[in-house]
Amino acid sequence: MLARRHVGAALAIAAIAGVSCLIRLPGFTEGGFASHDVGGILYEAMLLRAGGLPYVDAIELKAPGTFYLATFLAGPEGRDIAAFQIAANLVAVASLLVLAALAWRLWGARAAVVAAALYALHDAHLDSMDANYVTWAQLPAVAAGLCAARAATWREDPVLRSRSLRTWLFGGVMCGLAALCKQPSGVVLLPVLFWAACPPGRRDVRAGLAVIAGFLLAHAPVALHYLARGQLGALLGGYVWNPWGFEYIAHNAAGTGPARAAWEFAAAAVHFLALPLALAAFAVAARPRGHVPKDRLSAPADAPAAPAPRGHAPKDSSSVPADASPALSPQGHAPKDMSKSSASALRGHAPKDISHVPGAMRFLLAWTAAAMLAAATGLRFYKGYWLGVLPPLCLLAAAPWGAGAPALWRRGWPRLIVAPLVLALTMRAAWALRLTRDDRARPHDEGARAIGRWLGERTGPDDTIWVWGWHLWGVHAYSGRLSASRIYKTLGLLTTTPDDTWRSPAGPAKVLTDGPAAQQLLSDLAAAPPAFVAIGGTAPKHEFPALRRFLAERYVRDHGLRFGKVEIWRRADR
């Protein structure tokens with residue numbers, strides 16, 4: 001029979017998930033692009049359904065996992081943004097629930113509620129571009145952590161050793177799925193592999209190999225699809241080693257000095273993650289030191305914690321890991337720098353549902369470091385990049401010796417010093433959520449909708465179009481028409497690499513008229529002229545005279561639809 005505290009915790013987590021759904025409610029009903037990257041995802045899904053391949057029939061930087069997901073989740077034609085967005089919202093809420101399950105496995109029921117609440121205060125705001133790549137990558141990344149926690153517990157029991165290896169394998173699969181949805185999210189492989197192969201005090205080569213095998217296994221279906229089409233090299237060159245992606249990283253790194261990059265990194269981290277960062281730092285500083293008796297290594301998650309010895313530690317305690325233990329030092333006494341209440345709580349009155357998971361703290365710290373490294377990719381520090389850092393910070397913050405420990409709040413100074421800070425940061429995060437919900441209720445793609453509908457009515461299924469402008473990527477999905485050129489995205493190909501950051505706007509883009517992309521675009525358009533060309537108002541069209549000449553020779557301006565500064569050109573023979 002479930003304990004009353006477990007039922008209460010489960011109900012609290014369900015309520016938190018319900019509030020998260022309310023925040024995302026516009027995404028369940030509104031059905032418009034909140035992120036123009038979603039236009040790129042659905043374009044590649046349309047391409048797959050038409051028999052094409054990303055990286056072959058379209059130059060692409062992003063990972064292919066979301067493209068395949070969209071072919072199943074974005075309606076029968078792979079272009080239904082409403083259906084895709086509903087699925088994305090469900091995935092986002094599932095990420096919250098899996099994180100709560102992981103916190104429960106590591107620290108118990110109370111920690112699961114704390115971690116879920118802290119996560120729900122930030123995830124929708126960080127993932128305001130819902131249905132984007134990071135949305136889909138978050139669920140397998142958190143699931144990889146849950147698999148690792150279960151496997152780390154089971155391998156301490158010889159009877160469950162085989163189950164542990166299977167779980168490490170499945171954890172590797174989750175790491176691979178995270179990478180397939182968003183390459184930087186694949187860094188979760190590093191902490192999972194570290195926990196598998198290097199448990200405290202020894203090495204476990206078989207567990208490490210199982211994680212690697214699972215990571216490769218996750219890529220097998222996509223690799224086999226490309227292999228069957230004779231295009232495995234295109235997958236490797238587009239997904240594993242994309243020269244465009246590395247040029248993007250190198251370009252941004254070259255324009256930012258080390259001191260400036262460090263400052264921007266720290267400022268962005270504090271701006272987006274102030275509350276979980278502060279609570280996690282407190283938990284890390286307050287974490288207990290010492291060893292734990294071996295008879296607690298295999299304790300189930302809901303088993304009472306064994307009382308700590310008051311004398312000396314057992315002789316064999318030296319082989320037990322120190323990084324994830326409760327509060328005792330090797331001599332059995334609380335460290336001198338701990339308060340009496342904290343020492344008492346950890347020595348004999350720890351929450352009854354806390355289990356010992358060897359290496360948990362090391363894993364969470366490694367996960368945090370790897371996720372922060374991924375957030376620094378390109379040194380632009382967009383808020384969506386920080387979503388991957390949120391899970392390990394929430395788990396650290398929820399540790400039973402952290403700010404969520406009841407004993408801590410019985411003393412005066414935490415209430416006087418910590419409580420106002422936590423309250424202020426909580427209100428700040430809640431206000432950001434309010435703004436995020438209002439923003440999600442407003443479609444960001446009115447132009448793409450109108451243009452896509454207009455073009456769809458004037459073209460047939462076999463016609464192609466070409467659009468220039470990142471805000472027009474959704475025109476393909478709304479019109480149901482593919483691009484006449486492999487270059488359906490122009491950022492970093494036809495124009496210079498974007499240089500905007502988390503707090504600074506982008507400078508004016510410049511056309512790379514002498515670059516290979518410009519030449520390929522002109523060749524593609526000449527070989528198979530599209531029925532219509534749509535050029536956005538922000539596209540530097542006047543810097544591309546060769547394209548202007550091509551349009552003047554074969555196309556006429558169509559003024560049947562006017563939307564801002566968008567130019568629509570119709571092929572002259574239509």
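# Report on a predicted protein model

Tyr-55 is buried, with a relative accessible area of 8%; here buried means under 20% relative accessible area, exposed over 50%, and partly exposed in between, with a 1.4 Å probe and protein chains only. The model is predicted, and local features need pLDDT of at least 70, side-chain atom pairs count only at pLDDT 80 or more, while totals for chains, interfaces and linings use all residues. Residues are numbered from 1 along each chain as its sequence is written, and side-chain values use heavy atoms, with hydrogens and water left out.

## Overall make-up

The protein has 574 residues, of which 54% are buried. Its secondary structure comes to 22 helices and 5 strands. Helices (H or I, at least four residues) and strands (E, at least two) are DSSP runs, numbered from the N terminus. Among contacts with a separation of 6 or more, 77% come from residues 24 or more positions apart; a contact means heavy atoms within 4.5 Å.

An example of two residues brought together from separate parts of the chain is His-6 and Gly-108, which are 102 residues apart along the chain but have their C-alpha atoms separated by 9.0 Å. His-6 belongs to helix α1 (residues 4–23) and is buried, at a relative accessible area of 8%.

## Two residues with positive phi

Tyr-55, in the loop between α3 (37–49) and α4 (65–73), is not a glycine, yet its phi is positive, near 75 degrees. Phe-381 also has a positive phi without being a glycine, at about 60 degrees. The loop that holds Phe-381 runs between α16 (360–375) and α17.

Helix α13 covers residues 243–254, which makes 12 residues. From first C-alpha to last, α13 reaches 16 Å, close to the 16 Å expected at 1.5 Å a residue; the expected span is 1.5 Å times one less than the number of residues. The buried residues of α13 are Trp-244, Gly-245, Tyr-248 and Asn-252. Seen down the axis of α13, these buried residues fall within an arc of 105 degrees, so they line one face of the helix. The arc is that of the directions from the helix axis to the C-beta atoms. An α-helix has 3.6 residues a turn, so residues three or four places apart point the same way. Pro-243, Glu-247 and Ala-254 are exposed on the other side of α13.

Thr-497 sits in the loop between β2 (482–483) and α21 (516–527). Apart from neighbours within four places in sequence, Thr-497 contacts Tyr-248, His-251, Asn-252 and Gly-492. Thr-497 counts as buried, at 14% relative accessibility.

## Aromatic rings

The structure holds 16 aromatic pairs. In Trp-107 and Trp-401, the ring centres are 5.2 Å apart and the planes lie at 75 degrees, so this pair is edge-to-face. Trp-107 is in helix α5 (residues 81–107) and Trp-401 in the loop between α17 (390–397) and α18 (412–440), so the pair links distant parts of the chain, 294 residues apart. Trp-107 and Trp-401 are both buried.

Trp-468 and Phe-544 are also edge-to-face, because their ring centres are 6.3 Å apart and their planes are at 85 degrees. This pair links distant parts of the chain, 76 residues apart: Trp-468 is in strand β1 (residues 464–468), and Phe-544 is in the loop between β3 (532–535) and α22 (545–554). Rings of Phe, Tyr and Trp (its six-membered ring) pair if their centres lie within 6.5 Å; planes under 30 degrees apart count as stacked, over 60 as edge-to-face and the rest as tilted.

Ring pairs also link Trp-168, Trp-195, Phe-363 and Trp-367 into a cluster.

The charged end of Arg-163 is over the ring of Trp-154, 5.0 Å from its centre, and Lys-489 lies over the face of Trp-473, 5.1 Å from the ring centre. A charge sits over a ring if NZ of Lys or CZ of Arg is within 6 Å of the ring centre and within 35 degrees of the ring normal.

## Cysteines and further buried residues

The structure holds 0 disulfides; a disulfide is a pair of cysteine sulfur atoms within 2.5 Å.

| Residue | Relative accessibility and state |
|---|---|
| Cys-181 | 7%, buried |
| Cys-394 | 0%, buried |
| Phe-381 | 1%, buried |
| Trp-468 | 1%, buried |
| Phe-544 | 2%, buried |
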